[in-house]
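Me: I'd like to learn how to read a structure like this one, feature by feature. Can you walk me through it?

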There are 2 protein chains.
Amino acid sequence: MAVYTQVSAEALAMFLERYDVGTLVSAKGIAEGVENTNYLVETTGGRFILTLYEKRVDADDLPYFLGLTEHLAEKGLPVPAPIRDREGRALQMLNGRHACLIEFLSGVSVSAPTAAHAREAGETLAGLHRGAADFDSQRANALSLSGWLELAASLGGRLGEIDKSLPDLVTQEMTVLAENWPQGLPSGNIHADMFPDNVLFSDSSISGVIDFYFACTDMLAYDLAVTHAAWAFDDEGALQPGIGETLVESYHSHRPLSDEEREALPTLCRGAALRFLLTRAYDWLNTPADAVVVKKDPMAFARRLLHYHAA
Amino acid sequence: MAVYTQVSAEALAMFLERYDVGTLVSAKGIAEGVENTNYLVETTGGRFILTLYEKRVDADDLPYFLGLTEHLAEKGLPVPAPIRDREGRALQMLNGRHACLIEFLSGVSVSAPTAAHAREAGETLAGLHRGAADFDSQRANALSLSGWLELAASLGGRLGEIDKSLPDLVTQEMTVLAENWPQGLPSGNIHADMFPDNVLFSDSSISGVIDFYFACTDMLAYDLAVTHAAWAFDDEGALQPGIGETLVESYHSHRPLSDEEREALPTLCRGAALRFLLTRAYDWLNTPADAVVVKKDPMAFARRLLHYHAA
């Protein structure tokens, strides 16, 4: 969300010499992504995103993330391809950080998605799942059932500081989900964080899906559930009618859901809502009050959870 | 230095309809400028900077800043022109903030300027002074002698928290400068903050001078002194031989300095070093320790001050 690692023009110009991308024209630090440093870089050869990976990303995961996006981009999916240097390397070191030069994709993220946007999102998500089917690396989902248990435990008794209702809600949901979490559904490599701000639209079609830094191997229908939780509600967690249904039916028409997946979807949606509730609660309780970072309200996902619970 | 005010793609697309600049293609919040929110905006018609003015800028000063940059840009100087909408307005309101769509200029800021860069800077600064000579608005320099006195007083006894030597150094310099501050030198509209990070180079020539939000009416030679203090030392305040002399001689060959200006230059440089020492000290003492904003070391300007003092 900010520029944590400064890269001078001199260092950047030298870095770009590793690549066949022309010479530096312009560079602006941009406020984007999950706690990484990002520059929008223009060269005589084109435009790129330069990402420097900060502490929150595990360097051991980077080959998986970059490999997956390269795999998807090669299939023509709207995913930013990592750029390889003259020696074929995508992953680099720059200013003491792991770094990657990445294709720049045009487009803007919508803040209030319509059903038409959700239709595009469902189609694209199905396309990503189909495209990733023959990607041969795997990464366990650290933010699934056991990860939530750990996260909830690490918050200790502090959930009540956010809202009195939270400790009971989380305990109850964790119990229900632990007993009912689906097994044996089709799995693959999933984005796991396809919120509207990670999707770029050009006019009315999707020109980019970005920020694959939560990508992992898990149930495909769980990715659809995450996307449902991300798109079908407004910022405060109020349901926006028609969006979720359109998303699911659009996905289904491009990657048909089995009866088992359909049946599991409400449970998966509860899990997705709990996942973001817990990570937001963690950030809420651990971000200094005067930090520049915008804290996102965990209660917006508590409201989603109650919605899925009641549905 | 961050995105303080979020502008959704929907709001931005609607805002751009006021202008004859085409439709929205891409928008990225950028980490640039003096506590304003800046977006790098691409439309079907070109690229622009969208600035939303946050609390630190006095809205009453905006017509002066925008008028001055428009005046200079119209003369072909490398200054980003404010864009006027279909009704001729440059200054707008957006999301509750004063805002302006501004020409995007390519180029990168150098971190370690060479004498060749300083030669360009001297020529460009002289050009700005000549170009602004017939600009008919004025703005008092709030950060000159009386402003420094106020700032020093507002810091109370806290300067010693930064370094034991600072209280005496500041008191002594304030006294000397109050007695010797030049009067009657040629005045005009000056940039007053032309640090290397406010100057964009394309290859080896200047393609942009940005961030006019400290511009004011003051002695032209004081602007040269600020630029000297900004360019002739490294980040820690160590003199970089040859840079300052080149800057001054390049300026002189494009806007000849009078004998009085030459004679006053050492005093003006001491004033410039004190000005940035005091504002950095203020920020140092008033920025929360865990804020994302990078605090700049006031002692780098104490070292400059001692250099000018000894010279």
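Me: Let's start with Thr37(B): is it buried or exposed?

Reply: Keep in mind that this is a predicted model. Burial is read from relative accessible area, and under 20% counts as buried. Thr37(B) has a relative accessible area of 0%, so it is buried. You'll find Thr37(B) in strand β2 of chain B.

Me: What does the side chain of Thr37(B) make a polar contact with?

Reply: Its partner is the side chain of Glu54(B), at 2.7 Å. Leaving aside residues up to four places away in sequence, Thr37(B) also touches a set of others, including Ala2(B), Val3(B), Tyr4(B) and Thr5(B). Leu50(B), Thr51(B) and Leu52(B) are among the residues it touches too.

Me: Now chain A. Where is Thr43(A), and is it buried or exposed?

Reply: Thr43(A) sits in strand β2 of chain A, which covers residues 37-43. Its relative accessibility is 4%, so Thr43(A) counts as buried. A polar atom of the Thr43(A) side chain lies 2.5 Å from the backbone oxygen of Val21(A). Not counting residues up to four places away in sequence, Thr43(A) touches Leu16(A), Gly22(A), Leu24(A) and Phe48(A), among others.

Me: On to salt bridges. How many does the structure hold?

Reply: First the general idea: side chains of opposite charge can pair when their charged atoms come close. Over all chains, this structure holds 22 salt bridges. One of them joins the side chains of Arg97(A) and Glu54(A), with N to O at 2.6 Å. Arg97(A) lies in strand β5 (residues 97-103) and Glu54(A) in the loop between β3 and α2 of chain A, so the pair ties together parts that are 43 residues apart in sequence.

Me: And how accessible are Arg97(A) and Glu54(A)?

Reply: Arg97(A) is partly exposed, at 29% relative accessibility, whereas Glu54(A) is buried, with a relative accessible area of 9%.

Me: Which salt bridges could I look at in chain B?

Reply: Take Arg158(B) and Glu161(B), whose closest N and O atoms are 3.0 Å apart. Arg158(B) is partly exposed at 35%, and Glu161(B) is exposed at 53%. Then look at Glu261(B) and Arg255(B), whose side chains meet in a salt bridge at 3.0 Å, N to O. Both Glu261(B) and Arg255(B) are buried. Back in chain A, a network of salt bridges links Asp85(A), Glu87(A) and Arg89(A).

Me: How do I read the interface of chain B and chain A, and how much area do they bury between them?

Reply: The size of an interface is often given as the accessible area lost when the parts come together. Chain B and chain A bury about 2,600 Å² between them, with 57% of it on carbon and sulfur atoms. In residue terms, 29 residues of chain B are in contact with 29 residues of chain A.

Me: Last one: how are chain A and chain B related?

Reply: In general, two copies of a chain are related by a rotation about an axis and a shift along it. Here a rotation of 180 degrees with 0.0 Å of shift along its axis superposes chain B on chain A, with an RMSD of 0.0 Å. The two copies are thus related as by a two-fold rotation axis. To place that axis by eye, go to Ile30(B): its C-alpha is the nearest to the axis in chain B, 2.1 Å away. Finally, 100% of the interface residues of chain B are also interface residues in chain A, so the copies meet through the same surface.

Notes:
Residues are numbered from 1 along each chain as its sequence is written. Chains are lettered from A and ligands numbered from 1 in the order in which they are written. This is a predicted model: local features need pLDDT of at least 70, side-chain atom pairs count only at pLDDT 80 or more; totals for chains, interfaces and linings use all residues. Side-chain values use heavy atoms; hydrogens and water are left out. Contact means heavy atoms within 4.5 Å. Buried area is the accessible area (1.4 Å probe) that two parts lose on being put together, summed over both. Helices (H or I, at least four residues) and strands (E, at least two) are DSSP runs, numbered from the N terminus. Buried means under 20% relative accessible area, exposed over 50%, partly exposed in between (1.4 Å probe, protein chains only). A polar contact is a pair of N or O atoms within 3.5 Å; within protein, one must be able to donate a hydrogen and the other to accept it, and residues adjacent in sequence count only if both atoms are side-chain atoms. Copies are superposed by least squares on the C-alpha atoms of residues with pLDDT of at least 70 in both. A salt bridge is a side-chain nitrogen of Lys or Arg within 4 Å of a carboxyl oxygen of Asp or Glu.
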